[in-house]
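I set out to record what could be looked up in this model. The entries below follow the order in which I consulted it.

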Amino acid sequence: MAASNQRIAVFPGTFDPIHLGHVDLIKRSAALFDRLVVGIGENPEKSAMLTLPQRKALIEKLTAALGNVSVEIYRGLTVTFAQRIGAGVILRGIRHVGDLDFEMRMAVTNRSASGLDTLFIMAAPQHLFLSSSLIKQIAAGGGDVAAMVPPEVLKHLPLPANKKRRQGRGA
C-alpha cells in the first residue's frame, strides 16, 4: 500500500492491443499523479488477440521511461482493484460523445459503489479515431495498422507480413 499522501490513479483497460492513443493518455496522466497504475483487466466477453502477459510486457516496455508508472494485471471489478492499490481516482479516455455517455454512467455507478471518482481525459485530436477493437479488426483482415500502434506492438500482431517473417525464421 502506498503512502496516504500520494496521489495515485489507475488507468484500466484491456489494452488489446495498446495503441498510440493509450500511450499518449498514459504519458499525459503520469504527469498529473505521483503514481499511475495501468491496470490490464480481463474481459471474458472479448476475444483476446494478445495474452495478458504479452500486453503487460509491451506496456512495461512502452512506459519504462516514466518512473511513476507501473503495470498490473487484475481480475474482477475495477473499483476493487483501485481500492486494493490505494488509487483515489480512475482515469478514462474520451474520444467522442458515445464514449462520454457510456463512461458517465460507469463513473456514477463506480462512485456510488466505492466512492471513487473518475477523471475523464480527452484524447488528442490525432487519436480520436483509434480503438483496440478497430485495430484488431483491421489487423485480422490483413490491413496496415502501423500508424495506429507503437512499432513494438506491431511486431506482436498477427499480420500477414509478420507471419511471413516468423515463417522465414523457422518460428
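**Basis.** I worked from a predicted model, in which local features need pLDDT of at least 70, side-chain atom pairs count only at pLDDT 80 or more, and totals for chains, interfaces and linings use all residues. Residues are numbered from 1 along each chain as its sequence is written, and side-chain values use heavy atoms, with hydrogens and water left out.

**Sheet.** I took helices (H or I, at least four residues) and strands (E, at least two) as DSSP runs, numbered from the N terminus. I looked up the strand order and found an open sheet of five strands, β3-β2-β1-β4-β5, with parallel pairing; two strands pair if DSSP finds at least two bridges between them. At the edges I noted β3 (69–74) and β5, each of which pairs on one side only. The twist from one strand to the next averages 30 degrees. Strand β2 (residues 35–41) pairs with β3 in the parallel sense over six bridges, and I saw leucine 36 opposite valine 69 in β3. Helix α1 lies across β1, β2, β3, β4 and β5, and runs at about 120 degrees to β5. For such angles, axes are lines fitted to C-alpha atoms, for helices over the stretch in contact, and the angles run from 0 to 180 degrees between N-to-C directions.

**Serine 29.** I located serine 29 in helix α1. Serine 29 has a relative accessible area of 2% and is therefore buried (under 20%; exposed is over 50%, partly exposed in between, with a 1.4 Å probe and protein chains only). Not counting residues up to four places away in sequence, serine 29 touches Leu36, Leu91 and Ile121 (contact means heavy atoms within 4.5 Å).

**Arginine 92.** I found arginine 92 in strand β4. Its relative accessibility is 23%, so arginine 92 counts as partly exposed. Beyond four places in sequence, its contacts include Pro12, Gly13, Glu103 and Thr118. The C-alpha atoms of arginine 92 and threonine 118 are separated by 7.1 Å, at 26 residues apart along the chain.

**Largest pocket.** A pocket is an open set of points on a 1 Å grid over the protein atoms alone, where a 1.4 Å probe fits, with protein on both sides within 12 Å along at least five of seven lines; lining residues have an atom within 4 Å of a point. I read 49 lining residues for the largest pocket, with Pro12, Gly13, Thr14, Lys46 and Arg92 nearest its centre. Helix α4 gives the most to this lining, nine residues.
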